[in-house]
Amino acid sequence: MTSQETRLCSLLLKEHFGEVVEKVGTHLLRSGAQNFRTIIHETGISPDLIKKSLCVLMQHGVCQFSSGRRGPGSPTEYRTSCHLILRFLRYPRYIYTAKTLYGDTGELIVEELLQRGHMTMSSIVKTVADRLTQNMEEGRSMEYSAVTSTFSKLVETHFLQRCPVLATAGTATQGQTAATPAATVAPPKPETFPDCYHVPQVSLIGRGKRQLSTEEGEDQRNAKKARTESQTHGDEGIYWQVHFERFHQHFRDQAIVGAVANKMDQTSSEIVRTMLRMSEVTTAGDASCTKPLSANEIFRSLPTTYNIARHILDQYLTLLVDDPMDVVGKAGESGGGMFTVNLHKALANLARATIESVVQERFGSRSARIFRLLLRKRHLEQKQVEDFAMIPAKEAKDMLYTLLSHNLVQLQEIPKTPDFAPSRTFYLYTVNQLPTARMLLQNCYKAVANLIERRLFETNSNKRLLEKSQRIEAILASLQASGAEPEQLTEVEEMITAPEKQQLDSLRLHINKLDSAENQVDETMFLLESYIDSTASAAS
């Protein structure tokens with residue numbers, strides 16, 4: 001964990017949960033595992049606020065707890081890590097992916113779970129059905145069965161999973177467990193739970209309800225809430241959460257398919273997509289390659305829109321196996337040939353292309369040519385770099401020293417004699433892809449933190465104008481709902497002057513650009529993190 005990671009995590013915690021939770025979370029990041037009493041002593045926050053902060057962090061899966069290091073009976077220790085907090089950056093991507101795959105219903109299911117940490121299936125179905133009904137035309141409503149069907153599909157494809165049950169918690173809910181420091185058994189991984197992806201039988205019949213906006217409706221809503229909370233649906237104590245690793249696996253697969261499409265053609269990318277889709281549930285998240293698939297299975301699983309003959313598929317598979325990217329490998333000859341997708345090599349190629357792109361954008365095409373040359377040749381002297389890259393000696397020397405000063409290129413000394421005399425020493429330039437990827441990842445953390453700080457500064461600087469705009473929008477919405485005349489609506493709209501409208505438009509454009517930049521940098525972060533994790537898994 002570096003200072004840039006800690007800074008970014010601190011900003012994310014503050015933005016999502018406020019200053020108190022941010023202070024507790026940042027303290028755990030810097031200090032490691034600590035018990036409740038130590039956290040109180042070192043942060044100076046009241047015990048009640050620390051309990052609530054820890055509950056919030058555990059509710060969202062950011063904080064973990066286990067028995068103390070001194071053995072049984074020692075105080076429970078709490079810990080967190082950067083990779084859990086950095087998930088907040090990808091919340092828009094998780095929601096957009098769910099919308100792309102499962103429509104508006106899937107989008108709202110994932111959004112509700114991300115906002116609340118974990119929920120029961122019955123609560124999710126009711127909440128999502130009510131929200132969808134609220135946006136429908138008058139007289140139409142969303143059935144609970146339709147939402148339940150989409151929820152089941154998300155579980156079948158492992159985008160959602162059950163929260164693990166604690167051994168010491170019995171039938172208590174996880175919210176109660178999180179608030180009880182006496183529980184000293186660490187929660188197991190969800191995948192070790194046998195019913196992790198088993199959807200319970202829930203007795204839910206009905207449709208979504210529209211919200212009532214009157215004061216009488218508020219009383220009716222409260223009375224109805226008290227009645228519905230006492231009802232049982234058969235899934236009490238079974239909580240669900242978003243399976244982030246499965247979403248990350250989907251992002252990785254999409255990046256690989258996109259790279260194949262750019263390098264070869266659409267049909268090749270569709271073949272790779274089919275192979276990844278066939279093995280998406282059976283392949284572990286940290287596996288270096290997918291399970292072998294026969295050519296016959298791939299042929300039968302291709303989309304019907306790609307009506308290609310069997311011998312054409314064999315030719316495409318041969319081209320993919322022979323391609324220097326080495327995305328597809330051959331594992332055997334049975335069943336017309338057994339093929340796998342080399343996930344680690346694909347991620348290494350994607351990380352390499354990302355690093356090359358960064359070098360080209362920052363230092364120009366000639367520096368990128370030298371960088372690619374060193375990646376391919378591994379070790380070269382300065383004279384060899386000048387000859388192979390066909391760049392004049394003075395320019396090549398300046399470019400090499402610039403890359404060296406930014407730690408993108410390393411210099412290795414190989415002496416002929418033990419005295420390391422310069423006249424009897426070879427100086428070889430080289431590129432180490434893994435340390436370079438780690439360095440660029442730290443730069444990405446710094447860039448995202450700067451973007452968040454800039455966005456917060458812009459928002460705080462124009463806070464009064466934004467609040468005025470929100471008040472006017474709320475007044476307009478209430479007038480439109482009550483059937484006000486157009487003259488009244490125009491009068492309310494004119495409460496914002498022309499210069500204020502121009503300032504609001506400029507502010508929103510600026511904030512949208514900052515949000516877009518955050519998402520783009522996060523895509524680069526994801527590729528580099530996936531490559532680093534994959535390299536660590538392959539080494540172990």
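Q: Contact means heavy atoms within 4.5 Å of each other, so which residues of H12 and H14 meet?
A: In H12 they are Thr267, Ser268, Ile271, Val272 and Met275, and in H14 they are Leu313, Tyr316, Leu317 and Leu320. The labels come from DSSP runs numbered from the N terminus, where a helix is a run of H or I with at least four residues and a strand is a run of E with at least two. This is a predicted model, in which local features need a pLDDT of at least 70 and side-chain atom pairs count only at pLDDT 80 or more, while totals for chains, interfaces and linings use all residues. Residues are numbered from 1 along each chain as its sequence is written, and side-chain values use heavy atoms, with hydrogens and water left out.

Q: How do the axes of H12 and H14 cross?
A: Two packed helices are described by the angle between their axes and the distance between the axes. The axes of H12 (residues 266-278) and H14 (residues 310-322) come within 10 Å and cross at roughly 85°, which means that H12 is roughly perpendicular to H14. The axes are lines fitted to C-alpha atoms, for helices over the stretch in contact, and the angles run from 0 to 180 degrees between N-to-C directions. Angles under 35 degrees count as roughly parallel, over 145 as roughly antiparallel, 65 to 115 as roughly perpendicular, and the rest as oblique.

Q: And what about H2 and H4, at which angle do they cross?
A: Helix H2 (residues 19-31) and helix H4 (residues 47-59) have axes that come within 9 Å and cross at roughly 75°, so H2 is roughly perpendicular to H4. Val20, Val21, Val24, Gly25 and Leu28 in H2 meet Leu49, Ile50, Ser53, Leu54 and Leu57 in H4. Eight residues of this contact are nonpolar, two are polar and none is charged.

Q: Zooming out, how many helices and strands are there?
A: The protein has 22 helices and 11 strands, and its C-alpha trace spans about 90 × 70 × 60 Å along the principal axes. Of its 540 residues, 44% are buried, where buried means under 20% relative accessible area, exposed means over 50%, and partly exposed lies in between (1.4 Å probe, protein chains only). Among contacts with a separation of 6 or more, 66% are made by residues 24 or more positions apart.

Q: Is glutamate 458 buried or exposed?
A: Glutamate 458 has a relative accessible area of 11%, so it counts as buried. This residue lies in helix H19 (residues 433-461), and its side chain makes a polar contact of 2.7 Å with the side chain of arginine 454. A polar contact is a pair of N or O atoms within 3.5 Å; within protein, one must be able to donate a hydrogen and the other to accept it, and residues adjacent in sequence count only if both atoms are side-chain atoms. Leaving out residues up to four places away in sequence, glutamate 458 touches Leu507 and His510.

Q: What is the phi of aspartate 326?
A: Aspartate 326 has a positive phi of about 60°, although it is not a glycine. Most residues other than glycine have a negative phi. Aspartate 326 sits in the loop between H14 and strand S8 (328-332) and, at 24% relative accessibility, is partly exposed. Asparagine 407 also has a positive phi of about 60° without being a glycine; it is in the loop between helix H18 (393-405) and strand S10 (410-415), and is partly exposed at 49% relative accessibility.

Q: Switching to threonine 425, which residues is it in contact with?
A: Setting aside neighbours within four places in sequence, threonine 425 is in contact with Glu413, Ile414, Pro415 and Phe420. Threonine 425 belongs to strand S11 (residues 425-430) and is buried, with a relative accessible area of 10%.

How values were computed:
Contact = heavy atoms within 4.5 Å. Nonpolar A, V, L, I, M, F, W, Y, C, P; charged D, E, K, R; others polar.
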